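Me: I would like to go through this model with you, question by question, before setting anything up from it.

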Protein chains: 2
Amino acid sequence: MTYKDLDIESKRKYYSLLCDIITQERRFNLEKVIDLRTEHFVPVIENIHKAQNASAVLRTCDCLGLQEVRVVENNNKFAVTDDISLGANKWLNIKKYNTFENNTKRCFDDLRSEGYKIIATMPHDNDINLQDIDITQKTAIVFGSEVDGISKEAIDNADCFMKIPMYGFTESFNISVSAAITLHYLTDKLRQSNIPWQLSEEKRLNTLIHWALESITTKDKIAKELLNRVISMK
Amino acid sequence: MTYKDLDIESKRKYYSLLCDIITQERRFNLEKVIDLRTEHFVPVIENIHKAQNASAVLRTCDCLGLQEVRVVENNNKFAVTDDISLGANKWLNIKKYNTFENNTKRCFDDLRSEGYKIIATMPHDNDINLQDIDITQKTAIVFGSEVDGISKEAIDNADCFMKIPMYGFTESFNISVSAAITLHYLTDKLRQSNIPWQLSEEKRLNTLIHWALESITTKDKIAKELLNRVISMK
């Protein structure tokens with residue numbers, strides 16, 4: 001059993017207890033950031049092989065307030081470089097798909113069961129432009145590997161395809177650039193719309209608990225444990 | 001004397017002669033791309049020290065149709081990595097400032113004399129948001145180094161400062177991501193506006209000649225020279 005299995009009232013109590021351990025300043029910061037988080041858009045990173053690219057995408061997600069990221073690892077082991085992600089991965093919910101027979105399909109199935117439409121990015125395809133994406137529906141956006149683009153499984157299983165209009169000789173953006181442009185454009189449009197994009201009460205609590213736990217240093221933990229011993233000795 | 005010193009009619013003739021050497025397909029491609037190029041916005045890259053970041057910015061500029069880039073090298077030698085820029089630098093007009101006493105100031109002075117307003121990117125500053133930039137005026141946007149941000153000279157000499165709104169724990173975007181988001185946002189807005197953003201006739205010809213010269217392979221040059229010899233032997 002983890003805290004995610006608690007009922008909502010117990011989650012509230014648990015978070016409240018955790019707030020006794022972390023500093024007030026930290027709590028203030030967590031609660032400021034949580035109000036800005038969204039899972040209306042979920043980036044899916046498929047088979048990225050350069051750690052610096054994967055890390056840059058995670059840092060971008062944190063900066064843009066995107067809480068959920070799915071990572072599909074069919075071929076390439078996803079390794080995060082801390083000096084590029086600047087620890088952003090600590091604050092995101094990253095779900096990995098690397099143990100299934102068809103990781104991409106399993107990831108897409110999960111997303112669909114959660115109500116997401118799936119759009120794959122295809123730089124050479126003539127499908128819809130980034131600017132024409134309908135943002136009213138919850139949407140997952142798939143970014144493929146640096147060399148091969150998105151996989152055949154992704155092409156076969158996506159709902160539609162999008163591209164960023166290009167005006168040059170170079171025919172594709174760098175993967176971290178492509179993700180940044182796409183995710184910034186969509187989240188900016190979302191934040192200016194009337195679409196409810198904030199996290200649900202339950203997701204909000206789960207995330208706050210996760211963040212509070214991440215914020216507790218070993219020193220805090222030892223201090224708390226010693227305090228508990230003192231109290232129980234009374 | 002270079003082709004840039006020719007009068008406009010001679011430039012037209014020179015370009016026409018060059019078109020006899022390059023393939024028709026290449027000419028078609030050059031003329032398709034030139035119509036999409038703009039110098040309404042000019043990115044200024046100041047003291048970038050990681051080659052992969054500088055190269056990614058150049059690749060982004062080409063993809064977005066930004067023809068002019070200024071590179072200020074006060075401390076760091078600007079080196080372009082071909083596997084990241086994908087040769088984008090070949091198609092851009094890159095002006096370097098690395099020999100003056102104050103390279104940043106000299107670059108800004110040049111830009112002002114060409115009618116540009118200068119906006120510096122400052123992730124920690126509370127100045128205008130990207131979304132609030134007035135795009136009617138020709139504008140240069142300054143991106144600073146990965147570690148120190150923009151220089152004191154840039155801060156002292158910029159007209160104003162901008163930031164991309166952020167919603168996370170990480171307090172800054174990667175430099176190539178920051179440039180991509182900013183330049184995509186501004187060029188997208190520009191292309192949807194009524195502002196005349198295309199290159200002037202003279203700049204258009206200069207660029208076409210530059211591109212045509214870049215397109216001529218050694219094989220083409222030898223073939224042309226041999227043809228000239230045959231003709232003169234008649």
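Me: What is the area buried between chain B and chain A, and what percentage of it do carbon and sulfur atoms give?

Reply: This is a predicted model, in which local features need pLDDT of at least 70 and side-chain atom pairs count only at pLDDT 80 or more, while totals for chains, interfaces and linings use all residues. Residues are numbered from 1 along each chain as its sequence is written, chains are lettered from A and ligands numbered from 1 in the order in which they are written, and side-chain values use heavy atoms, with hydrogens and water left out. Buried area is the accessible area (1.4 Å probe) that two parts lose on being put together, summed over both. For chain B and chain A it comes to about 3300 Å², and the part that carbon and sulfur atoms give is 63%.

Me: Which three residues supply 26% of the area that chain B buries against chain A?

Reply: The contact, meaning heavy atoms within 4.5 Å, takes 41 residues from chain B and 41 residues from chain A. Across this interface the count of salt bridges is zero, a salt bridge being a side-chain nitrogen of Lys or Arg within 4 Å of a carboxyl oxygen of Asp or Glu. The three residues of chain B that supply 26%, more than any other three, are B:Cys63, B:Tyr167 and B:Phe169.

Me: In what order do the seven strands of the open sheet in chain B lie?

Reply: Helices (H or I, at least four residues) and strands (E, at least two) are DSSP runs, numbered from the N terminus, and two strands pair if DSSP finds at least two bridges between them. On that basis the edge strands of chain B are S3 (93-97) and S5 (128-129), each pairing on one side only. The pairing in the sheet is parallel, and its order is S3-S2-S1-S6-S4-S7-S5.

Me: Which residue of S6(B) is the bridge partner of B:Ile119?

Reply: Strand S4 (residues 117-121) of chain B runs parallel to strand S6 (residues 139-143) of chain B, and four bridges join them. Within S6(B), the partner of B:Ile119 is B:Ile141.

Me: At about what angle to S6(B) does helix H7 of chain B run?

Reply: Of the 17 residues of H7(B), 16 are buried, so this helix is largely enclosed by the rest of the structure; buried means under 20% relative accessible area, exposed over 50%, and partly exposed in between (1.4 Å probe, protein chains only). Helix H7 (residues 175-191) lies across S1, S6 and strand S7 (160-163) of chain B. Axes are lines fitted to C-alpha atoms, for helices over the stretch in contact, and angles run from 0 to 180 degrees between N-to-C directions. The angle to S6(B) is about 165°.

Me: How many residues apart in sequence are the parts that the pair A:Glu73 and A:Lys96 ties together?

Reply: The side chains of A:Glu73 and A:Lys96 form a salt bridge with an N to O distance of 3.9 Å. A:Glu73 is buried at a relative accessible area of 6%, whereas A:Lys96 is partly exposed at 40%. Because A:Glu73 lies in the loop between strand S2 (68-72) and helix H4 (82-85) of chain A and A:Lys96 in strand S3 (residues 93-97) of chain A, the parts tied together are 23 residues apart.

Me: In which helix do B:Arg27 and B:Glu31 both lie?

Reply: B:Arg27 and B:Glu31 form a salt bridge whose closest N and O atoms are 2.9 Å apart. B:Arg27 is partly exposed at 35% relative accessibility, and B:Glu31 is partly exposed at 25%. The two are four residues apart, about one turn of the helix, and both lie in chain B in helix H2 (residues 24-34).
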